[in-house]
Amino acid sequence: MKRLLSALLLAALVLPTSALAAEPATKEDKGAFISEEWELHEWVPIHLGPLNLSINKAVAYLLLGALCSCLIGILLMRVKLGRGPTRRQAVGETIYEVAQVQVAEQGLPTKAIGRWFPYVATLMIFIWTVNMLGFIPLPLSDEKVTIAGVELPTLAIFAATSTLSVTLALALMTFVFTHVEGIRANGAWRYFKSWIPEVPKVMLPLIIPLEILGQFMRLISLSVRLYANMLAGHMLILTFVGLIIVLENVFLAIVAVPAAALFYLFEVVIVVSIQAYIFAALSAIYIGSAIEPEH
Amino acid sequence: MLSSFFFLAAAEDGADAGKAIALALGIGLGSLGAGIGIGNIFGSMIQAVARQPELRGELTGIQWLGFALTEAVVFYGLIGGLLAYVLV
């Protein structure tokens, strides 16, 4: 009974995604509504010279994510510590332990944990929250539906981390911190020298550009990993539900909705947490390896 | 731009169809490699835990790190394919 209920709840959560589908305009563009999910329309236009700081869907999700991660921190960490731990304290301690043991201590040298633990733990909680918000249907979409004369935004699932600019900004922070901390701990000359492995002198012209390129590839791999994971997850769910509309066959729902629900579950249970953990752990490893280069 | 990306079965444009085939092939081959890699990771994890069950906690973190790093390869393929699809 409980399982049936949760399955129904899940279907109810996934089904609203089909409401996103506006009437397809032309025959060729039937699948267009899927890519339209990633078009960001300006809600509050803010232009500062060449800078476009407008508030759009992704920004709204980010603000909400920031608020929620603050709330998580306050609600779970600022509890009265007692002999018999409450459930809240237990959850908070579990999160803290994952951030401390699995993320910070794996990558950072002991002397740097005090300074960089807050950063990697914040990254982990923030990315997890934003990812998770991406799988909860929220009335924050660009499309409107009229219910009882009131125009409301439709429920939609959208993750701020499935836009490249968000993940690139997060990766840039790690990138900058890595090099600043590397230079601060080792001095500029020693730090940049530590990039280059010990090879015969003949190989150096080949190795040096590769190693410098490798540092920038880290930036790309860190940002694209999170971005593409979230993008592909949402696309899969939307595509499966959207198939019903595209192929104009209601009976397809028998296959498509469970498939979408399966992907939804996979994303929520595994991918969301893994990606948050990976991003934080890799940030810790990069910063740690800059502070203490291997040679 | 991306609009007709998904359901190209209806596309009458030969070039579009060719691009769609290339994209699908690229992602398919990419996931082939990642599938082997992920299978390897979990297989080794099972072996390791079977031999030394007490190390499970320590190994789990490494396992998921390896999983995510391997899995991401498919998505690089996907993004590369999408870029090629949109830009070319």
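From the N terminus on, the elements of chain A in this predicted model run α-α-β-β-α-α-α-β-β-α-α-α-α. That gives chain A 9 helices and 4 strands. Chain B, in contrast, has 2 helices and 0 strands.

- The C-alpha trace of chain A spans about 70 × 60 × 40 Å along its principal axes.
- Chain A has 295 residues, and 32% of them are buried.
- Chain B has 88 residues, of which 12% count as buried.
- In chain A, 67% of the contacts between residues at least 6 apart in sequence join residues at least 24 apart.
- For chain B, the corresponding share of contacts between residues at least 6 apart that join residues at least 24 apart is 68%.

**Helix H2 of chain B and its partner in the chain**

- H2(B) covers residues 56–87.
- This helix has 32 residues and reaches 46 Å from its first C-alpha to its last, which is close to the 46 Å expected at 1.5 Å a residue.
- Helix H1 of chain B, residues 14–51, has an axis that comes within 9 Å of the axis of H2(B), and the two cross at roughly 175°.
- An angle over 145 degrees counts as roughly antiparallel, so H1(B) is roughly antiparallel to H2(B).
- The residues of this contact between H1(B) and H2(B) divide into 14 nonpolar, 10 polar and 3 charged.
- The buried residues of H2(B) are Ala68(B), Glu71(B), Ala72(B), Val74(B), Phe75(B), Gly77(B) and Leu78(B).
- These buried residues of H2(B) pack against H1 of chain B together with H8 and H9 of chain A.

**Where the chains meet: H9(A) and H2(B)**

- Helix H9 of chain A, residues 253–291, has an axis that comes within 10 Å of the axis of H2(B), with a crossing angle of roughly 100°.
- Angles of 65 to 115 degrees count as roughly perpendicular, and H9(A) and H2(B) are therefore roughly perpendicular to each other.
- On the H9(A) side, the residues in contact are Ile274(A), Gln275(A), Tyr277(A), Ile278(A) and Ala281(A).
- On the H2(B) side, they are Trp64(B), Leu65(B), Phe67(B) and Ala68(B).
- The residues of this contact divide into 8 nonpolar, 1 polar and no charged.

**The largest nonpolar core**

- The largest nonpolar core has 68 residues, and those touching the most other members are Val103(A), Val120(A), Met124(A), Phe279(A), Ala280(A) and Ala284(A).
- The elements giving two or more residues to this core are H2, H3, H4, H5, H6, H8 and H9 of chain A together with H2 of chain B.
- H9(A) gives the largest share of this core, 18 residues.
- Phe279(A) touches Leu123(A), Ile127(A), Leu222(A) and Leu226(A), not counting residues up to four places away in sequence.

**A loop residue: Leu40(A)**

- Leu40(A) lies in the loop between H2 and strand S1 of chain A.
- A residue is buried if 20 or more other C-beta atoms lie within 10 Å of its own, and exposed if 12 or fewer do; Leu40(A) has 15, so Leu40(A) is partly exposed.
- Leu40(A) touches Asn56(A), Lys57(A) and Ala58(A), not counting residues up to four places away in sequence.
- Leu40(A) and Thr129(A) are 89 residues apart in sequence, and their C-alpha atoms are 21 Å apart in space.

Definitions and conventions:
Residues are numbered from 1 along each chain as its sequence is written. Chains are lettered from A and ligands numbered from 1 in the order in which they are written. This is a predicted model: local features need pLDDT of at least 70, side-chain atom pairs count only at pLDDT 80 or more; totals for chains, interfaces and linings use all residues. Axes are lines fitted to C-alpha atoms, for helices over the stretch in contact, and angles run from 0 to 180 degrees between N-to-C directions. Angles under 35 degrees count as roughly parallel, over 145 as roughly antiparallel, 65 to 115 as roughly perpendicular and the rest as oblique. Two residues are in contact if their C-beta atoms, placed from the backbone, lie within 7 Å. Ala, Val, Leu, Ile, Met, Phe, Trp, Tyr, Cys and Pro count as nonpolar, Asp, Glu, Lys and Arg as charged, and the others, Gly among them, as polar. A nonpolar core is a set of buried Ala, Val, Leu, Ile, Met, Phe, Trp, Tyr and Cys residues joined through C-beta atoms within 7 Å. The expected span of a helix is 1.5 Å times one less than its number of residues.
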